[in-house]
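Please look at the model below before reading the points. They are set out by topic, with cut-offs given where a term first comes up.

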Amino acid sequence: MSMSVKVLLKNARPDRPATFEEYCRSGGYQALREAVKTMAPRDVIRQVNDSGLRGRGGAGFPAALKWGGIPEGAPFPRYVVANTDEMEPGTFKDRVLVGTDPHMVIEGTILAAFAVSAQKGVFFIRPSYEMDARLLERELQVARAAGYLGKNILGSDFSFDLVVHRSGGRYICGEATAQVNAIMGNRPHPIKGGPRMAEQGLWSRPTLVNNVETLACVPHILTQGADWFKSLAKTETGAGTKLYGVSGKVKHPGCFELPMGTRLSEIIEEAAGGMMRGSEFKALLPGGASTAFMPKQYYDLEMDFEPLKKCGHRLGTGSIVVFDHQTCLVAAALNLTEFFVRESCGLCTPCREGLPQIRDLLWRIENGQGREEFIPMLREMTGHMGHAYCAFAPGAAEPVEGLLRYFEEEVREHISQRKCPFREHGTDHAQARH
Amino acid sequence: MINDWIAAKGLHRGNQRMMPEGLRRELEAQIKEADHPRECVVDVMYALQKHYGYLSDDAVLEVASLLGMTPLEVDELATFYDFIYREPVGKYVIHACDGVVCWMLGEESVLEYLCRKLGVAVGETTADGLFTVLPTVCIGCCDHAPAVLVNGRFYGSLNPERIDAMMEELRRVPSPLVVDR
């Protein structure tokens, strides 16, 4: 496997998270010390802007643009939310990151707060990651005792505190406006068309919501420079390293830090050890459940925002789910759609009503009740998902769109054979639960 | 106003009877410290759930009265979240992941094996009150699929032998505990 620079996982240990002392020895908190003494908030934003850092949570929005979206004269208090919710199926990179080096995400969050002059921050964290919630709570106390959190951080006039906020557990809470509702104790549904979090977020105050992997990049950008960060990527348009998760039918599933823009083939074959014995590559989801299936023709593609966008795909969370030749993609799309049906917040009609219809069509095709006209019906229904209030429904449509775009033949086989060609016997576990 | 109505109907009487004063004071202190009481609602629900074993109807009323919310507002959240249990559950809740990766790697047989061994259907609790099996959306353990989450702890790369070992271990442990990192 080719050697590459380790940045986010440089302090990885086989059996435990890096301690505060270990993080400091590796250069940790140096960026914060320098920032509060020598930098103005807008200098931090400028450096992050020059680095080309884009959000790692799924949407890929340029971080500095989001930060700069909080107007200078905006009211106080301002908030930072470190999104540690990570409920995108197939995605586990943030769990690995927090569990590897908690202080890196803590320092990144404090720096983001400094950049937008925020007073209060929260780690919004899902219940499945309770052990990480406890880890963060413990390490936040250590950071506070060291003077990196609280009133007048390191003797400066910058005061900021950071706490852990536990979620009750729902996928929609990962959406920024829903997350803000969740933190305020409201029913966590998204807010249609904004308001912009930069102006009207938590308690109607300016609020920054960033994924923890995005935030963890910030200390390194400040200490080693924007050019260095850009140079880490393998692509011209990319920047930094990326935590790629690989799971599914590969030999060694895991979370791998590699240069942004590393080719899919390299990630799968070198980092993840190639396909499982007896498995042949068939398709993958490049960035979690709300990205479209990609077939073999993209196997050598560079995993970065722009190369994927160019061929009509999205990097998402960069969490690759690999499917083999024995896996039925109609059934896989059905599983994914089932997930979205269950997790829809139910607020707007396309999502609440449309997704169950897509699910039912896929279920009928998978169980030998498919008809030719279901294919255009599925196309039409997925097309309607763009009318939903938030990105949930369009994301839910993506795997089904990918299925129809590249694997229509497989769908047709189900219909013409009046059964799933991948199933030897007529038994169906999914039926019992439907 | 709704709280007055509840008081008038005597619906709150469970409060005094069931919630220990120590816990009430602890939660009141936590709420008082918050900038906005309502931001504590999930924590308070978790605390009462831990006390009662699940978020009972009485507990919903108590959460509402502690936070100055209506019971409806609390229940709207309680029924929305996956990890707030509005029905009694076992000491150990086995959240079996049915995300796409676990599905691909044998989630259905894990679920089937679990239910068969425990003699329950999905969603049911064993007669000894020890285990409840709930299918759950992707738990973020895809690198060790198929996996389950039990009281905050992951058990991954499951097969029948490992499931047996897991249940053996859980039966031995005196109290349900999340394992700290």
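1. Glu86(A) sits in the loop between β1 and α5 of chain A; helices (H or I, at least four residues) and strands (E, at least two) are DSSP runs, numbered from the N terminus. Glu86(A) is not a glycine, yet its phi is positive, about 35°. Most residues other than glycine have a negative phi, and most peptide bonds are trans.

2. Basis of these notes. The model is predicted: local features need pLDDT of at least 70 and side-chain atom pairs count only at pLDDT 80 or more, while totals for chains, interfaces and linings use all residues. Residues are numbered from 1 along each chain as its sequence is written, and chains are lettered from A and ligands numbered from 1 in the order in which they are written.

3. Cis peptide bonds. Phe76(A) and Pro77(A) are joined by a cis peptide bond with omega about -5°. Pro77(A) belongs to the loop between α4 (63-68) and β1 (79-84) of chain A. In chain B, a cis peptide bond with omega about -5° links Ala145(B) to Pro146(B). Pro146(B) lies in the loop between β2 (131-136) and β3 (148-150) of chain B.

4. Confidence. pLDDT is the predictor's confidence in each residue, from 0 to 100. Chain A averages 95, and 97% of its residues score at least 70. Chain B averages 89, with 86% of the residues at 70 or above. For the complex, the predictor gives an ipTM of 0.94 and a pTM of 0.94. Residues 426-434 of chain A stay under 50 in pLDDT, and the model has four contacts for them beyond four places in sequence. A contact here is a pair of residues whose C-beta atoms, placed from the backbone, lie within 7 Å.

5. Overall form of chain A. Chain A has 18 helices and nine strands. Its C-alpha trace spans about 75 × 45 × 35 Å along the principal axes. The radius of gyration of chain A is 22 Å, which agrees with the value near 22 Å for a compact globule of 434 residues; the radius is taken over C-alpha atoms, and the globule rule is 2.2 Å times the number of residues to the power 0.38.

6. Domains of chain A. The division is into domain 1 (20-231), domain 2 (241-324) and domain 3 (329-433), with bounds from an automatic or database domain assignment. Taken over C-alpha atoms, the centres of domain 1 and domain 2 of chain A are 27 Å apart. Their contact involves 13 residues from domain 1 of chain A and 15 residues from domain 2 of chain A. On the domain 1 side, helix α5 (residues 93-100) of chain A gives the most, with three residues. That side has four nonpolar, five polar and four charged residues. In this classing, Ala, Val, Leu, Ile, Met, Phe, Trp, Tyr, Cys and Pro count as nonpolar, Asp, Glu, Lys and Arg as charged, and the others, Gly among them, as polar.

7. Interface. In chain B, 34 residues are in contact with 46 residues of chain A. On the chain B side, α4, α6 (71-78) and α7 (100-104) each supply at least two residues. By class, the chain B side has 21 nonpolar, four polar and nine charged residues.

8. Helix packing in chain B. Two packed helices are described by the angle between their axes and the distance between the axes. Axes are lines fitted to C-alpha atoms, for helices over the stretch in contact, and angles run from 0 to 180 degrees between N-to-C directions. Helix α4 (residues 41-52) and helix α5 (residues 57-67) of chain B pack at about 145°, with axes 10 Å apart. Residues in this contact include Val44(B) and Leu48(B) of α4(B) and Val63(B) and Leu66(B) of α5(B). The contact of α4(B) with α5(B) has nine nonpolar, one polar and one charged residues.

9. A further pair in chain B. α5(B) and α6(B) pack at about 115°, their axes 8 Å apart. Val60(B), Leu61(B), Val63(B) and Ala64(B) of α5(B) meet Pro71(B), Val74(B), Asp75(B) and Ala78(B) of α6(B). By class, these are seven nonpolar, no polar and one charged.

How values were computed. Contact = placed C-beta atoms within 7 Å.
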